[in-house]
Structures are given as C-alpha cells and as structure tokens.
Amino acid sequence: MNFDTSILDWIQNFCYSANLDNVMKIFSAICDHGEIWILTAFVMFFLKQQYLDENIKVFILKKYRIYSILLLISVILTFLICQIVLKEIFDRPRPFIENPDIAIIIPAPNGSSFPSAHSAVSFASAFILLRFNKNIGLSAYILALFIAFSRLYLQVHYPTDVIAGALIGTIIAAAVYFTSKTIINKQIKTPLPI
C-alpha cells in the first residue's frame with residue numbers, strides 16, 4: 001500500500017458519514033468548473049459602494065476591478081493548463097478506476113486524475129484573494145482546503161493529485177499576479193493598489 005492509497009483508505013475508514021457525504025458533494029460541486037471563483041470575480045468587478053471621498057472611491061473601485069480581472073485570468077489559465085495540458089500529459093487513472101471496489105457517490109468525472117483541477121483553481125483563487133484582502137484571502141484558503149479535501153473524500157483524486165494541484169494553482173496565480181503588477185505599474189506613474 002502506497003502513500004496515496006493509505007490516505008484514501010484512512011479517509012474511507014475514519015471520515016465517512018451520511019451527513020458528511022452531502023457536505024462534500026456541495027464543496028466539490030461549487031468548483032466543478034471554477035464556478036464559485038468566477039462568481040467571486042464578477043461580484044468584485046461589479047461591486048458598488050458609497051464613499052465620502054471621490055478619490056477613495058476611484059482607488060477602491062480600481063483595486064476591486066484589477067483583482068477581479070486577476071482572479072478571472074488565474075482561474076481560466078489554471079483550469080486550461082490543468083485540463084488541457086497536464087491531465088493529457090500525465091493521464092493518471094482515477095482511484096475508482098484503478099480500484100473497482102470504490103463506490104463513488106457522485107457522477108464519475110471524466111479525464112485523468114493528475115493534477116486536481118479543483119484544487120489548482122481553488123488555490124490559485126485563494127492566492128489572488130489573499131493579496132486583495134487578508135481576511136477574504138484566509139477565508140478563500142479555508143474554502144480551498146475543504147474543496148481539495150472533498151475530492152479525496154469522494155475518492156475521485158489521490159492526495160498527490162490534490163497537493164500537486166494546489167502547488168500548480170499557486171504558481172500560476174503568482175505568475176499572473178507578479179507579471180500584472182510589473183506591467184500595470186510601468187504603464188502609469190502612480191502604482192495601483194496591487
């Protein structure tokens with residue numbers, strides 16, 4: 001028994017419950033195609049708030065809109081790299097394919113197991129949101145952890161798929177963030193709040 005299967009067996013033996021089944025299905029479903037993070041980006045972009053000072057309003061609106069765009073770029077780029085490039089290269093069978101005794105409780109996902117796109121997109125989003133606001137970012141990381149764990153709980157990924165996904169998503173989001181920061185600050189004299 002290797003690291004991946006021993007962790008999945010431990011989850012199966014010590015974590016399963018009927019109530020948790022439904023919770024984990026929800027955590028997995030809200031990120032099937034990055035939906036929760038795309039919705040977050042749109043809410044941030046169109047958020048309207050009242051401010052006493054017009055300068056503060058412009059500053060805050062620019063910050064919200066810049067980060068919403070960075071979030072959307074990170075989600076789309078991470079999803080495409082994981083789904084179209086990396087899953088095709090590694091072509092790792094999912095746990096329920098390699099072990100027919102595993103009875104999954106969600107519709108069987110298509111594609112290979114490595115890396116977990118759910119984890120990648122979630123950790124990419126959390127990285128960007130942490131740079132936007134620490135409290136929002138920490139909440140996003142907690143949600144990302146629950147989403148990642150749901151993929152293990154539901155037996156559709158191995159732990160190394162989820163860990164690799166988290167690292168890949170973080171690296172892609174960091175590249176988007178730091179590249180954008182450099183480009184935006186070069187284009188204007190006053191650095192934007194990024």
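At what angle do helix H6 and helix H7 pack, and how far apart are their axes? In this predicted model, in which local features need pLDDT of at least 70, side-chain atom pairs count only at pLDDT 80 or more, while totals for chains, interfaces and linings use all residues. Residues are numbered from 1 along each chain as its sequence is written, and side-chain values use heavy atoms, with hydrogens and water left out. H6 (residues 117–132) and H7 (residues 134–153) pack at about 170 degrees, and their axes lie 7 Å apart.

**Overall fold**
- The protein chain contains eight helices and zero strands, taken as DSSP runs (helices: H or I, at least four residues; strands: E, at least two) numbered from the N terminus.
- Of its 194 residues, 42% count as buried, that is, under 20% relative accessible area, with exposed meaning over 50% and partly exposed in between (1.4 Å probe, protein chains only).
- Among contacts (heavy atoms within 4.5 Å) between residues at least 6 apart in sequence, 77% join residues at least 24 apart.

**Packing of H6 with H7**
- The angle of about 170 degrees between H6 and H7 makes H6 roughly antiparallel to H7, a term used for angles over 145 degrees.
- Axes are lines fitted to C-alpha atoms, for helices over the stretch in contact, and angles run from 0 to 180 degrees between N-to-C directions.
- Residues of H6 that meet H7 include Phe123, Phe127 and Leu130, and their partners in H7 include Leu138, Tyr141 and Leu145.
- The residues of this contact divide into 14 nonpolar, four polar and two charged; Ala, Val, Leu, Ile, Met, Phe, Trp, Tyr, Cys and Pro count as nonpolar, Asp, Glu, Lys and Arg as charged, and the others, Gly among them, as polar.

**Ser122**
- Ser122 is found in helix H6 and counts as buried because its relative accessibility is 0%.
- Not counting residues up to four places away in sequence, Ser122 touches Cys31, Trp37, Ala144 and Ile147.

**Helix H2**
- H2 (residues 18–29) has 12 residues and reaches 17 Å from its first C-alpha to its last, close to the expected 16 Å, which is 1.5 Å times one less than its number of residues.
- Asp21, Met24, Phe27 and Ser28 are buried in H2.
- Seen down the axis of H2, these buried residues fall within an arc of 130 degrees, so they line one face of the helix; the arc is that of the directions from the helix axis to the C-beta atoms.
- The buried residues of H2 pack against H6 and H7, whereas Ala18, Asn19 and Ile26 are exposed on the other side of H2.

How values were computed
Parallel < 35°, antiparallel > 145°, perpendicular 65-115°, else oblique.
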